[in-house]
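Here's a quick tour of a few local features worth a look. Have the model open while you read.

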Amino acid sequence: MEQICATGIAARLRSEWDRNEGFGQNHMALKFLGQDFEYLRDRCLQSGCLFEDETFPAQQSSLGFKELGPGSAKTKGVHWKRPTDFCTDPHFIVDGATRTDICQGALGDCWLLAAIACLTLNEPLLHRVVPHGQSFHQQYAGIFHFQFWQFGDWVDVVIDDRLPVRDGKLLFVHSAEGAEFWSALVEKAYAKLNGCYEALSGGCTSEGFEDFTGGVTEMYELKKAPPNLFSIIRRAVERGSLMGCSIDITSLFDMEAITFKKLVKGHAYSITGVEEVEYRRNLTKLLRIRNPWGEVEWMGPWSDESKEWREIDPSVRSRLHNCQEDGEFWMSFSDFMREFSRLEICNLTADALQSSEVKKWNTSLYPGEWRRGSTAGGCRNFPATFWINPQFKIVLKEPDIQNQDECTFLVALMQKNRRKLRREGKDMETIGFAIYEVPKEVRDQHCLT
C-alpha cells in the first residue's frame, strides 16, 4: 500500500513539474501515442513516401464496431483514399475556414460539427486546434496534425490523409466547397483520439467545445431560463464564447424528426451571431443559428425568404440577410425560446482568451475517482455512505467587482476516456456533484482529508 501511494505521489509531482515547464499547454502539446509530427513529416519528405499511420490504420477497425462494424450496410463499398486520389486539386483550407466547411455525412456526430462550426468564428481559437502551415502543395507528405484539449492537457494528434470514401465522395464530414479537406481531417484526428469513427456518434456539443478550448461549459434549460438570457448570450458572443442549442426528443421516434417549420429534433445546432434590429418601430432580438447538415433551415419569421426582411433598414438587411441553402438562418429570440429546449455556453479560460481581455477565468483541476468500497458513496439517496464521496474545499477570494461580496464560479465534471470504451459496450456513467456552503463557524478550521 505504501509503495502504491508513493508511486501515485511521484506521478502527481512529475505531472506538476511538467506543467510548470509548460508541457501540456497549447504551445507544448503532449505527443499523442508518442508521434512527433515534424520528425515523421521530415522522414517522409526525405524518403519520398507518403505517411501511413499504423496507429490508426485505413482498416475496418478504425471505422467502428457495430453500426460501422464489419459487414454493416453503412460501410459497404467504402474505400480509404487520399484527397489527391479523387480530387484534381485538393486544398487544406480555401479562403479561410468558415462555417460552411462543415457539412455532416453518414455519422451521427452533429454535436461535434456544431462545435467546430462555432470554432471557425474565432480564428485564434481555430488555429490552436488547426495549426498553421499545413497544405496539399507545400511540403506535402500525406501527414497532418491537430491539437485537442484532454482532461487538463493539450495533445497533438498525428494522422495520415487516407479518408473513408464511397462512390468518389467523403463518407463523413465534408466541405460545401468540395475541394477543401481540413474539416474531414479534423474529424479523423478526433476519431483517432477516441478510438474510431463510431465512437463519435451521439454526444453533447459542450464536450466538443471543451475539447477544442479547455473551457468550462454551462447549460440552460430554456423553459427555466433566467429573464436576462438574451443579455447573457450577447455577452457570451462579445467574450468569444462558443454556443450550441438543441431540441429535446420525447422518444427515439423523434430523433432527427423535422418539424413543419424545418427544425430538427434531437439535433445539435450552433449559435453563430446575435443582433437587435428595428422592426416596425420596435427593437427585435435576433439570433443566427446554423444546422451542421449544411441544409434544412427554419421556415418561420426571419428565415431566408420571410417578409420581415423587407421591413427593416436596407443597410442592415444587406449586412445580415443571406438567401442561401447553407444551413444558417436567423430567428427571433422569442421563437428561439419557444422552439428550442437547451442552450450550452462554453466559457473560455485565461489560457484561451486574448491578452486584451479585461476579465478572465482562472481554472483549477481536481482529479479524483469513485472507487467501489472506498470512495463511491452513491447519491444523496444514500445518506449513510454519501459522505465518503470525494470532497473538495473551494475558497473564493476575489469578488467579481471590487468591494462587493459576489464571486462567480463554475463547476464541471469530466469522464476520462469513456468514448474509447464504447467498443466494449460501455458508455458515459451517470455522475454528479453537490455544492454546500461551509458554515461560518468552521470556515477557518482545517480538516485532514
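Start with arginine 280: at 52% relative accessibility, it counts as exposed (buried is under 20% relative accessible area, exposed over 50%, partly exposed in between, with a 1.4 Å probe and protein chains only). This is a predicted model, so local features need pLDDT of at least 70 and side-chain atom pairs count only at pLDDT 80 or more, while totals for chains, interfaces and linings use all residues. Residues are numbered from 1 along each chain as its sequence is written, and side-chain values use heavy atoms, with hydrogens and water left out.

**Positive phi**
- Arginine 280 isn't a glycine, yet its phi is positive, about 55°.
- You'll find arginine 280 in the loop between S9 and S10 (helices are DSSP runs of H or I with at least four residues, strands are runs of E with at least two, numbered from the N terminus).
- Valine 296 is another non-glycine with a positive phi, of about 65°, and it sits in the loop between S10 and helix H10 (314–320).
- At 17% relative accessibility, valine 296 counts as buried.
- Glycine 240, which follows H9, has a positive phi near 80°.

**Helix H9**
- Buried residues in H9 (residues 229–239) are Leu229, Phe230, Ile232, Ile233 and Ala236.
- Looking down the axis of H9, these buried residues fall within an arc of 160°, so they line one face of the helix (the arc is that of the directions from the helix axis to the C-beta atoms).
- That buried set packs against strands S7 (216–221), S8 (242–246), S9 (268–279), S10 (282–290) and S12 (342–347), plus helix H11 (333–339) (contact means heavy atoms within 4.5 Å).

**Helix H5**
- In H5, 10 of the 10 residues are buried, so it is largely enclosed by the rest of the structure.
- The cover over the buried residues of H5 includes helix H6 (123–129), helix H7 (182–193), H8, S8 and S9.

**H5 against H8**
- The axes of H5 (residues 110–119) and H8 (residues 205–213) come within 7 Å and cross at roughly 45° (axes are lines fitted to C-alpha atoms, for helices over the stretch in contact, with angles from 0 to 180 degrees between N-to-C directions).
- That makes H5 oblique to H8 (under 35 degrees is roughly parallel, over 145 roughly antiparallel, 65 to 115 roughly perpendicular, and the rest oblique).
- Residues of H5 that meet H8 include Trp111, Leu112 and Ile116, and their partners in H8 include Phe209 and Phe212.
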